[in-house]
2 protein chains.
Amino acid sequence: MDTHNRPPTIADVARQAGVSIATVSRVLNGSTPVVGETAERVQEAIRALKYVPRTAARVLASRRTNTIGLLLPEISDAFFSPMLRGIEAAARETGFDLLIHVTGEPSSATRAHPPLGEHNTDGLLIFTESLEVEEIERLHALGLPLVLMHQSVESHEIPTITIENKDGAFRIVDHLIKVHGRRRIVYLRGPERHEDSLWRERGYCEALEANGLPVDPELIRVGAFDRQTAEAAVGEMLKRGVDFDAVFSGDDESALGVLTALQAAGRHVPDDVAVVGFDDVPFAPFLAPALTTVRAPIEQVGREAVRQLVRLIRGEQAEALTLLPTEVIVRNSCGCK
Amino acid sequence: MDTHNRPPTIADVARQAGVSIATVSRVLNGSTPVVGETAERVQEAIRALKYVPRTAARVLASRRTNTIGLLLPEISDAFFSPMLRGIEAAARETGFDLLIHVTGEPSSATRAHPPLGEHNTDGLLIFTESLEVEEIERLHALGLPLVLMHQSVESHEIPTITIENKDGAFRIVDHLIKVHGRRRIVYLRGPERHEDSLWRERGYCEALEANGLPVDPELIRVGAFDRQTAEAAVGEMLKRGVDFDAVFSGDDESALGVLTALQAAGRHVPDDVAVVGFDDVPFAPFLAPALTTVRAPIEQVGREAVRQLVRLIRGEQAEALTLLPTEVIVRNSCGCK
DNA sequence: TATAATAATGTAAGCGCTTTCAGAAAGCGC
DNA sequence: GCGCTTTCTGAAAGCGCTTACATTATTATA
């Protein structure tokens with residue numbers, strides 16, 4: 001027993017095994033060959049003392065944190081779980097720890113100087129809207145490996161992972177027009193400057209044009225990827241008597257608000273108004289009617305982001321842009337049976 | 001410029017400000033008073049050099065990690081987001097970092113020896129089913145602050161945060177009986193040995209008894225808090241012709257499966273069979289019919305868990321058991337309008 | 001004015017590891 | 001057998017901080 005009853009250190013293990021601490025370190029890390037018999041003695045000592053290396057000491061000595069940081073603007077309801085699942089799984093598989101930080105409001109102090117960075121991670125996963133561009137550039141200039149998710153920063157060659165937003169949007173809007181004959185389709189965009197939303201809007205516009213339909217600015221509203229905002233937006237259009245026969249909701253979350261507003265106004269979905277979303281969150285099939293939407297491979301985005309980041313950390317070349325495919329999932333809210 | 005272009009250290013700041021590194025450390029930590037003018041010079045140097053203290057060095061020197069670890073068995077769809085939101089917010093407010101680890105299968109190797117523990121956290125939040133009891137006891141014996149969520153370990157005075165499972169279950173089942181005259185109520189329990197589920201079952205039984213109804217073992221099935229399992233369980237009862245007029249689903253997630261199975265069999269909800277859940281996940285109001293359920297203050301459980309853990313870390317007394325209240329949320333799936 | 005407190009700062013000893021470097025041991029060709 | 005690699009192991013120098021403890025500057029007290 002130690003005087004202070006401190007947890008065992010590498011020195012205790014070395015003493016117990018009758019070797020130097022360097023040798024213990026070697027069997028711990030497998031960095032340099034150690035003769036079988038010696039290694040066995042060390043392992044035994046480790047077991048006997050229930051020794052666990054202090055992470056901080058390793059980090060300090062090796063200058064590697066073995067930790068990936070994840071920066072998020074907020075923890076959303078439906079989107080967040082699958083993404084984190086992907087990230088966590090990939091991090092675990094590659095042996096990295098995961099440190100999470102939510103940056104909050106764009107004005108927030110932690111935005112400018114997040115507690116995650118060069119000093120305590122080997123690299124950062126930056127989800128859209130979680131960090132000011134200047135801070136991203138500062139970190140990048142420092143040489144910290146960075147991967148962006150659902151956001152691209154023009155001026156730099158920082159790897160970005162995102163999904164086929166435009167393509168998915170195009171196809172689902174095209175479906176609404178070609179299959180269901182809709183002509184006045186509302187697009188409920190996400191938060192301002194949100195990249196996913198911009199690309200989806202582009203896909204929406206292209207689908208209209210491809211079908212010889214005009215893009216009516218009156219039909220493009222802000223849903224903010226948020227239930228309440230979407231509900232209010234649709235409610236207001238209804239009240240103002242805006243003519244529309246379908247709603248393409250920027251994401252599934254806000255589709256809930258759309259459904260609520262429509263129902264409150266006595267409009268039937270999909271007969272009066274078809275409603276489609278984007279993301280394919282887990283509860284999408286269970287809505288009334290079951291939501292036709294675009295499946296976004298969210299979990300895979302998480303996995304892929306970690307993969308690229310790990311490459312960067314290892315000094316390998318990373319993919320500049322990873323665009324994961326989306327897929328239209330036809331259910332009932334578009335009018336299909 | 002440094003030869004190696006290394007990020008600045010405390011020594012660089014000290015040199016620049018013309019003070020000793022100890023003084024820099026003091027203005028950094030506010031541990032000992034520093035004269036205003038000196039402090040100002042140090043702050044300037046920090047700004048000028050864009051200095052950020054290396055976490056590992058601080059941790060090693062101070063023997064405090066300033067990090068809370070969260071251990072989870074998996075990342076569920078609906079339950080996880082609000083819980084993490086609460087945990088993250090509370091951790092941030094109290095200045096702790098958050099390290100997350102998913103332990104996976106009970107048989108998994110990381111179960112026995114998780115990468116989170118005494119060596120890299122000041123304390124651990126342990127969610128039900130994420131760690132073997134022996135490992136919990138080892139950590140506790142070591143003096144590592146621990147807080148359990150939705151799980152209590154008999155033999156030890158480890159603070160536990162959970163919710164009024166029994167009470168909530170009692171009231172919702174009572175509602176089914178008293179208001180809607182249901183008599184053959186199925187209970188779909190969660191994973192085996194899951195504490196929430198056990199308490200909910202107890203509430204279910206007590207509600208039956210309080211109303212003079214028998215507890216029929218045939219009506220208690222395993223839903224495993226899982227959509228597919230629940231669907232299969234109900235499907236099987238339907239096929240076997242088991243007589244029931246209501247289902248109390250152990251959680252909302254599995255209620256989805258119940259709804260699917262019932263719909264597939266042409267049973268109308270709530271007229272033929274009333275369905276109620278537990279948790280009140282965000283999409284509960286949007287199901288068809290809107291789900292009557294018990295609201296579990298999940299986010300608050302997260303906050304509270306961190307609060308208690310921080311107390312423990314600070315050497316203060318923590319609440320042995322925190323039982324957060326639940327509330328029946330009446331919607332339509334029980335038969336109410 | 002001398003002296004004891006008191007407050008602010010500096011000095012230096014670690015914290016527990018990794019890693020460089022050098023030395024010892026062992027194998028090899030000749 | 002002799003030098004020469006090739007392996008394995010140990011000694012020791014940090015990694016960048018915090019924090020006793022020592023020192024100096026300042027003020028209060030007699």
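Predicted model: local features only at pLDDT ≥ 70, side-chain atom pairs only at ≥ 80, totals over all residues.
## The interface between chains A and B

Chain A and chain B each bring 40 residues to their contact. Between them the two chains bury about 3,900 Å², and 62% of this area lies on carbon and sulfur atoms. On the side of chain A, the residues that lose the most area to chain B are A:Ile75, A:His119 and A:Phe286, which together make up 16% of what that side buries.

Polar and charged groups also take part. There are 2 salt bridges between chain A and chain B. A:Arg85 forms a salt bridge with B:Asp77, in which the closest N and O atoms are 2.8 Å apart. Across the interface, 15 residue pairs are in polar contact. Helix H4 (55-62), helix H5 (80-93), strand S2 (97-102) and helix H11 (252-264) of chain A each supply at least two residues of the side that touches chain B. That side of chain A comprises 20 nonpolar, 8 polar and 12 charged residues.

Several side chains approach phosphate oxygens of DNA strand D. A polar side-chain atom lies 2.7 Å from such an oxygen in A:Thr23 and 2.8 Å in A:Thr38. For B:Asn29, a side-chain N or O atom is 2.9 Å from a phosphate oxygen. Helices H2 and H4 of both chain A and chain B give two or more residues to this surface, and H2 of chain B gives the most, with 5 residues.

Notes
Residues numbered from 1 in each chain as written. Chains lettered and ligands numbered in written order. Heavy atoms only, no water. Contact = heavy atoms within 4.5 Å. Buried area = accessible area lost by both parts, 1.4 Å probe. Salt bridge = Lys/Arg side-chain N within 4 Å of Asp/Glu carboxyl O. Polar contact = N/O pair within 3.5 Å; in protein donor to acceptor, adjacent residues only side chain to side chain. Helix = DSSP H or I, 4+ residues; strand = E, 2+ residues; numbered from the N terminus. Nonpolar A, V, L, I, M, F, W, Y, C, P; charged D, E, K, R; others polar.
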